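Here are my notes on this model, as numbered points. Please read them with the structure open.

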Amino acid sequence: MYVSDMHTHSIASGHGTSDTIAKMAKTAKAHRMRLLGITDHGPATMGSAKEAYFKSLTMAPRWRCGVEILYGIELNILNQNGKVDLPQEILSRLDYAVASMHSQNLIHGDICQNTTGYLNVMKNPKVKILGHIDTPSFPADIEELVGCAPKHHVLIELNEASLAPGGIRTPNPEGSVRIVLAAKKYHTPLLLSSDSHGAAHVGDFTYCIKLLRALEFPEQLIINNQTEHLKSFLKEAL
Ligand SMILES: [Zn+2]
Ligand SMILES: [Zn+2]
């Protein structure tokens with residue numbers, strides 16, 4: 001059982017199928033989780049929250065239903081230079097950011113271009129997690145990213161929605177396998193993320209766990225249960 005999930009979406013992501021933060025916290029509590037990260041899509045995602053929402057999160061309750069909440073964002077990487085869709089001034093008030101590539105607002109590049117985009121966004125001091133680097137439409141040099149993430153103070157996630165059938169993305173076990181093998185090779189910690197849109201999959205890492213076991217990934221490199229360390233890592237000002 002893992003007690004934290006740092007990449008989740010509330011109703012503010014605007015997909016129409018999600019839940020309130022309160023309902024997600026209730027689900028986290030029911031799963032006996034301790035730490036929940038709310039990372040709604042940045043303003044460049046169609047229908048997602050505007051800048052004012054992310055500004056207001058600084059005043060949102062830190063605890064709900066006995067679960068500690070961190071407030072972040074899933075930024076859209078907008079170009080290879082690592083440009084993102086929230087002004088740094090607002091971003092700096094949030095606890096942390098996930099940075100990801102999405103077809104809606106980034107032209108598909110080749111492996112070299114996509115890898116450059118990830119490497120550049122890692123230089124942003126608020127970016128603490130790279131989201132779903134296994135996305136097939138944005139092929140990247142996974143081994144290089146996993147190998148150099150620690151020196152940029154960035155975590156690589158293993159995304160449940162990249163593996164679960166019927167999820168928000170086409171299952172891509174190949175990319176996830178590459179992430180796990182590279183992390184094992186470089187002793188890079190991995191963060192399990194549900195990428196749940198709403199409460200339904202909060203804390204659900206079923207397919208991630210199956211894969212990690214099959215590839216004999218060391219338990220001590222899974223960071224989700226090291227909650228104090230995880231919290232300070234994400235909130236650390238660089
Ligand atoms: Zn995403
Ligand atoms: Zn997401």
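Predicted model: local features only at pLDDT ≥ 70, side-chain atom pairs only at ≥ 80, totals over all residues.

1. Buried means under 20% relative accessible area, exposed over 50%, and partly exposed in between (1.4 Å probe, protein chains only).

2. Residues are numbered from 1 along each chain as its sequence is written, chains are lettered from A and ligands numbered from 1 in the order in which they are written, and side-chain values use heavy atoms, with hydrogens and water left out.

3. Which residues hold the zinc ion (ligand 2)? H7 (NE2), H9 (NE2), E74 (OE) and D195 (OD) coordinate this ion at 2.1 to 2.2 Å. Donors here are N, O and S atoms within 2.8 Å of the metal (3.2 Å for Na, K and Ca); water is not among the atoms, so sites may look incomplete.

4. The site of the zinc ion (ligand 2) is irregular, with angles of 84 to 174 degrees among its 4 donor atoms. For the cut-offs: four donors count as tetrahedral if all angles lie between 85 and 135 degrees; four count as square planar and six as octahedral if opposite donors are over 155 degrees apart and all others between 65 and 115; anything else is irregular.

5. Along the chain, the donors of the zinc ion (ligand 2) are spaced H-x1-H-x64-E-x120-D. Distant parts of the chain are linked by the pair H9, in strand β1 (residues 4–9), and E74, in strand β4 (residues 67–76), 65 residues apart. Helices (H or I, at least four residues) and strands (E, at least two) are DSSP runs, numbered from the N terminus.

6. The zinc ion (ligand 1) has E74 (OE), H102 (NE2) and H132 (NE2) as protein donors, 2.1 Å from it. E74 lies in strand β4 and H102 in the loop between β5 (96–100) and α4 (111–121), so this pair ties together parts 28 residues apart in sequence. H102 is buried, at 16%. The two zinc ions are 3.5 Å apart, and E74 coordinates both.

7. Check two backbone angles. Most residues other than glycine have a negative phi. R32, in the loop between α1 (21–30) and β2 (35–41), has a positive phi near 60 degrees. R32 is exposed, at 62% relative accessibility.

8. H187 has a positive phi near 55 degrees. H187 sits in the loop between α6 (173–186) and β8 (190–193), and is exposed at 60%.
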